[in-house]
Amino acid sequence: MKPYSHPEPQDVTLPTVMQALSDPCRIEILRALMEEGELACGDIPLDISKATRSHHFAVLREAGLVLTRTEGTRCMTSVRTEEMEKRFPGLLDLVMREKAKKTGKKPAAKSL
């Protein structure tokens, strides 16, 4: 299986990241990854087709927000927390803070 390509952090632009975060499903994926750590795409409960799920993960990867690696037959994905914090300080905290407002829970601790 061909390894996934990921943009270099310095090549990630704010408009691209904001476009990736414009979809509620992609925000849900990003939050799940931030809360749980590295996950396979099928580990996140989403009521969407496999093709749509793959598309959302690809958009997040191409925007530089996540890192995907192959482990056997599974594709494991994690948030590029350190790179995103350096590139756009506070952005990921804001994504989690908005969830906390809706659920009443405190945001997950940042792991840098």
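How many helices and how many strands are there in the protein? This predicted model contains 5 helices and 3 strands. Read from the N terminus, the elements follow the order α-α-β-α-β-β-α-α.

**Overall architecture**

- Buried residues make up 38% of the 112 residues of the protein.
- Considering contacts between residues at least 6 apart in sequence, 62% join residues at least 24 apart.

**Nonpolar core**

- In soluble globular proteins, nonpolar side chains tend to be buried together.
- The largest nonpolar core comprises 24 residues, and the members that touch the most others are Val17, Leu21, Ile29, Leu30, Leu33, Ile44 and Leu65.
- At least two residues of this core come from each of helix 1, helix 2, helix 3 and helix 5 (91-103).
- The most is given by helix 2, which contributes 5 residues to this core.
- Apart from neighbours within four places in sequence, the contacts of Leu33 are Leu39, Ile44, Val66, Thr77 and Val79.

**Helix 3**

- Helix 3 spans residues 50-62, 13 residues in total, and its first and last C-alpha atoms lie 18 Å apart, close to the 18 Å expected at 1.5 Å a residue.
- The buried residues in helix 3 are Arg53, His56, Phe57, Ala58, Val59, Leu60 and Arg61.
- After helix 3 comes Gly64, which has a positive phi near 90°.

Methods:
Residues are numbered from 1 along each chain as its sequence is written. This is a predicted model: local features need pLDDT of at least 70, side-chain atom pairs count only at pLDDT 80 or more; totals for chains, interfaces and linings use all residues. Side-chain values use heavy atoms; hydrogens and water are left out. Helices (H or I, at least four residues) and strands (E, at least two) are DSSP runs, numbered from the N terminus. The expected span of a helix is 1.5 Å times one less than its number of residues. Buried means under 20% relative accessible area, exposed over 50%, partly exposed in between (1.4 Å probe, protein chains only). Contact means heavy atoms within 4.5 Å. A nonpolar core is a set of buried Ala, Val, Leu, Ile, Met, Phe, Trp, Tyr and Cys residues joined through side-chain atoms within 4.5 Å.
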